[in-house]
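Dear colleague,

I am passing this structure on to you, and my notes on it follow below.

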Amino acid sequence: MLTGRVLARCTGAVLVGAVIGLVGTGIHRSAQPFGLGLALLIVLVAAVLARAWAGWLGMLSLGLGLVTVIGLLGLRGPGGDVLIAAQPIGYAWYASALVIGLARLAPAGWFSERPVGGAPE
């Protein structure tokens with residue numbers, strides 16, 4: 001059962017994913033390949049944040065927002081222009097949601113609310 005706090009955090013993760021999808025689409029082709037690297041790094045950092053914030057459901061929500069915006073921005077515009085070209089760098093940006101899975105590989109201890117050491121004596 002979802003509590004109000006988890007639902008609010010997941011909603012926030014969807015919005016963060018949408019913003020990252022928008023910004024990442026704008027920068028993924030700038031200064032190749034560093035623009036794509038920066039965009040993928042932002043996705044990874046946001047995935048770690050979403051995992052710490054709302055667990056696996058937060059990561060799923062982040063991916064939902066990211067994939068939705070990238071999918072919409074990948075469509076042809078009214079004049080036939082595209083923001084995500086059918087080139088290797090564009091395909092890599094389409095697959096950026098797979099980077100979210102890397103956050104799952106982070107140790108669970110990073111996300112625990114238990115204190116690391118004992119209390120100072």
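Which residues of the largest nonpolar core touch the most other members? Among its 18 residues they are V43, L62, L66, W93 and I100, where a nonpolar core is a set of buried Ala, Val, Leu, Ile, Met, Phe, Trp, Tyr and Cys residues joined through side-chain atoms within 4.5 Å, and buried means under 20% relative accessible area, exposed over 50% and partly exposed in between, with a 1.4 Å probe and protein chains only. Two or more residues of this core come from each of α1 (4-27), α2 (34-73) and α3 (88-94), and α2 gives the largest share, 10 residues; helices here are DSSP runs of H or I with at least four residues, numbered from the N terminus.

Please note that this is a predicted model, in which local features need pLDDT of at least 70 and side-chain atom pairs count only at pLDDT 80 or more, while totals for chains, interfaces and linings use all residues. Residues are numbered from 1 along each chain as its sequence is written, and side-chain values use heavy atoms, with hydrogens and water left out.

Leaving aside neighbours within four places in sequence, W93 is in contact (heavy atoms within 4.5 Å) with residues including I20, L36, V43, I70 and I84.

As for α2, it bends by about 135° at A54, the bend being the angle between axes fitted to the seven residues ending there and the seven starting there.

The loop between α1 and α2 holds both A31 and P33. A31, which is exposed with a relative accessible area of 57%, has a positive phi of about 45° although it is not a glycine, and the peptide bond from Q32 to P33 is cis, with omega near -5°.

With best wishes
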